[in-house]
Amino acid sequence: MCAKERGQKKAELCRGWDAQGSFLPESVPALSRPRLFRSASRRLRAALGMRGTGLARRALLGRQLSVFLLFLSIHEKVLSRRAVMGVRGLQGFVASTCPQVCTVVNLKELAERHRNKHPGCVPTVVVDAMCCLRYWYTPESWVCGGQWREYFSALREFVKTFAAVGIKLIFFFDGMVEQGKRDVWVKRRLKNNREIARIFHYIKAHRKQPGRHMFFIPSGLAIFTRFALKALGQETLCSLQEADYEVASYGLQNNCLGILGEDTDYLIYDTCPYFSISELCLDSLDTIMLCRQKLCESLGLGLADLPLLACLLGNDIVPDGVFESFRYKCLSSYASVNNLDEKGNTISAVAHHIAKVLRLHQGEKRLEEMLPLGPNKALFYKGVTSYLLPGQTSPWIFQKPKGIATLHKQVVAMSSDPESKQEIPVCTDPDSNQESPVCIDPVSNQEVPVCTDPEIKQDPMNVEPEIKQQVTMVSDTEILKIARMRHVQGESYLVYNILTSGEIECSNTLEDALDQALPSQAFVYRPVRQRVYSLLLGSGQDGASSCPTVREWFVYSGNPLRHPDLVRPLPMNVPGGTPSLNLLWLNQELGTQALRTDTLLACFDLLSSREELQAVEMPFQALCCLLTYLFVQVDTLCLEDLHAFIAQALCLQGKSAVQLEALQLDCVDPRAVQLGALLVRGLTMVVLVNSVCGWPLRVGDFMPWNVFDGKLFHEKYLQSEKGCAVEVLVEQNGGGRDRDPARTGRAPGTAGLAKDSTGDTRGQEAGSTSLSGGKDTRPLLGGPADALQGRDRQLTALRKPEHQMSDGSEDAADIRTTALPPHKDHLRCGWW
C-alpha cells in the first residue's frame, strides 16, 4: 500500500472522532472497525485510569463510555444487516448478546504460531470466494458493466498481501445450486429484481450512479474472478454442491489456519477457525475471529448440538417458517430474564430447550418423537446431516449418513418441488413449430430427460425413507471424468452442470424491466446455449429416444421463477457433421484446432464469417466474434453502439487501472448500463463455448480486463451519441472535429461488424491470424498489462493490408502478465 493510500486510511480512522474525543458515527469504513474498536477501548481504559474525582474526569469517562457503547451498537446493526446467509438471526445475536464470541485477531501472528506449532506446514486460509466478492470489488463505479482492470488490481493486492506474510490461499466457488436450496435461490433472485428496479429508477431520475448503499455486483463477477485468481497464480476450486460444505471439509482435513468468509454456517460446522472477511483490514491483516466454542459456552450447548440448533432456527435448507410454532412454545416457557430483542430471546430459548429438555431423552427417543417434525421429517434430517463433515457423526440421529457429495463424489438430486407438476414451457426451434418430445421424471412427474449414471448408487441424504433419483445426461464415463475435473479446477463454466443434471442457472443482470427496447440477455444468448447443448448432449434428431432438454433457471423480466424453462438443442452447422466431445477434447492430431475453431464459430452461427474474423488482430478476435453475433441477433442496436464498443476496446489497451479510476462521467445513461451488462454476459458465453470446443481461443483475449471497461465504454457511448468524430472516439491526436460517425461510415477496423441494408455483415478490413486452424497458439491466461503498445499501433495494425500482417506472436507476448507465476495445476490444462 502506498503512502498516499495509508494516509487516506488514517484520515478515515480519524474522521470518526472530533477534537474533544467524541465519536462521530458517519463515514466509518467497514475495514476500519477492528482498529476503531481498539481505539475506543484504549480511550476508555485511559479515562478509567485518570487520577482525581473531579467533574472533568467524570465527563471524560462518561463521554468515552458512551463512545464504546455506541460503537458496539453500530457494530451490532452492521452485523445484523449482513445476516443473509446461514442461520437466521445468529449473526446479530452473536454481536448483541455474545460479544465474547468475536475476537480481534491478527492473521500474520496466527500464521507465525501455526508455523511454530506445525514445522514445515504452510499456513493456509480457505477462502469462500462467493462471500468475498463485495469486499474485493472496491472500484467506485459498478453500474456501467464493471471496472475490470481496477478490480484485477484489487485482487492482485489482496493476493500479494497474504503472500508477503507466507499465508497460502485456497479459493472455493459455488459450482451449482442444490435442489434443496432452489427456493432460497429463487427468493434472492426476486429480491434482486426489486433492487435493480430501484437502481434504474434512480438512474433515470438523477442521471448518475446510486450510492454504495444500493450497490449491485456487476454481471459475471464470480465467473471472471475465478480466471483472474488463476492468472495471479492462485489455486481455485469449484464445488460440486454448495461451497460452504466443501470449504469446511477442506479446512478440517488439511489442518488449515482458518476459513475466510461471511456465513454463519461456519459457526455451526465443527471445523477450523472462522474469520470475517467484512472485518478484514488488509493493511494490518486484523480481522474478527468468531469462536464456536465460546458460542457453545454462552448457550450451554456442545459442538454436536449446533447443527440441531441451526435447523430449529432456520437456515438455507430448513426454512425458518417450518419450526415457527415450536420456537414460540420454547419462548413461552423460557423463564430466563434477558434484556434482548425478540430474536435474541428466541435463540436463547431454543438453546435452553435443547440443553434442558431434549438432552434428557438423548439416545432414548428419536428426534421425531421429541420434535414436531411432521411432513418435514426428511427435510429436517437433511439439514442436520448437511453439517456433518467426513468422519463426523451426530448424537441426535441414530443412523450415520452414508456420505455427503464432495469434490471426490458427485451426487445430483432431482427436484421434488410440488409446483413442478404444473405445465412447463418448452423452447422450440425458431424455424420449426414442432416441440421436442420429452421423458418423464419418476419423482416429480415433470417432463425432463432422464438417463441414470451407472456409477452413482447412493443418495447422501439417505438417513430417512425419502430417496431421490440420481441422474446424468450422458453415459460416457471418460467424458464425465474430464468434465468433472475441469469443473472442480474452475477451468470451465456450466459444462459439467449440463452433462450431469441438465440444469443451469444464471443470476440477475442489470436490465431495465420497464424498457423492452433491448431484449434480455437470457434470450439474446439462448441460441448459443442451444447449440452448446447440441454439442454436449446431441440434438435428438434420431427420434424421441434421445430427447435432451435442459432446464434453465434464468432471470428475466416477467419470469416468476416458479419453474425452469425447458430448452432443447439447436442443430449445429459444421462441415462434416457435429464433432464428438472426444474429438474436441482429447484429439491432438494436426488439424483438430481448425475443427475446434469452426465449431466455436458455428455455436455463434458465424462460420461463414470465419475468414473475416480471422483477419482481426489479437486481442480483438473474441470481442469481434461476440459483437458480430450481437448486432445480428439484436436489431435495436445501432452504429453508434458499435462505435462505442470498438472505441473503448481500442482505447483500453493503453490505459492503466489508475487512469481508468480517474475517469469521470458527465452522466449515466440507463441504456448504456444495459449494453454494458449485455456485453459482459456475452463474454461469459464465450467462456462456455470456448471450454466446450476445447479452447480454440486464447483465454486472456476475452477476459474483461483486457477488452472491456464500464466507465470507458460509457464515456464512448455518450460521445458517440453526441455525434463525435471517430478520431475523438479513439483518442487520436489531431482528432476533435464534430463529425457524425454515422456519416463517416464506420470506426477503424469494424467493417465486419456493421450490418448493411440487407442485414448481413460486411467483411473485415484487416487483422491477424490467431483464429487460423494451425498450431495451438493459446497463451498463458493473462491479466491486464499496464505497459501495452499504444493505441496508434493498434489502429495501424487493424488497417494493415493482409499481406503486411505478422503472425501475431509479438502481440501475443504483449498481453501476458508475469505478476505471479501460474499454479502448477494450471499447466496441464489446454490453455497454456
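**Chat: surface and a helix pair**

Biologist: What does the accessible surface of the protein come to?
Modeller: About 33800 Å², with 51% of that belonging to carbon and sulfur atoms. Accessible areas come from the Shrake-Rupley method with a 1.4 Å probe. This is a predicted model, where local features need pLDDT of at least 70, side-chain atom pairs count only at pLDDT 80 or more, and totals for chains, interfaces and linings use all residues. Residues are numbered from 1 along each chain as its sequence is written, and side-chain values use heavy atoms, leaving out hydrogens and water.

Biologist: And what share of the residues is buried?
Modeller: 58% of the 832 residues, with buried meaning under 20% relative accessible area (1.4 Å probe, protein chains only).

Biologist: Switching topic, at what angle do α13 and α17 pack?
Modeller: Helix α13 (residues 306–313) and helix α17 (residues 377–385) pack at about 135°, their axes 8 Å apart. Helices here are DSSP runs of H or I, at least four residues, numbered from the N terminus. Axes are lines fitted to C-alpha atoms over the stretch in contact, with angles from 0 to 180 degrees between N-to-C directions.

Biologist: Which residues of α13 and α17 meet there?
Modeller: P307, L308, C311 and L312 in α13 meet F380, G383 and V384 in α17, contact being heavy atoms within 4.5 Å. The residues of this contact divide into six nonpolar, one polar and no charged.

Biologist: Which residues of α17 are buried, and what covers them?
Modeller: F380, Y381, K382, G383, V384 and T385 are buried. Their cover includes α13 and α16 (367–370).

Notes:
Buried < 20%, exposed > 50% of the residue type's maximum accessible area, 1.4 Å probe, protein only. Helix = DSSP H or I, 4+ residues; strand = E, 2+ residues; numbered from the N terminus. Nonpolar A, V, L, I, M, F, W, Y, C, P; charged D, E, K, R; others polar.
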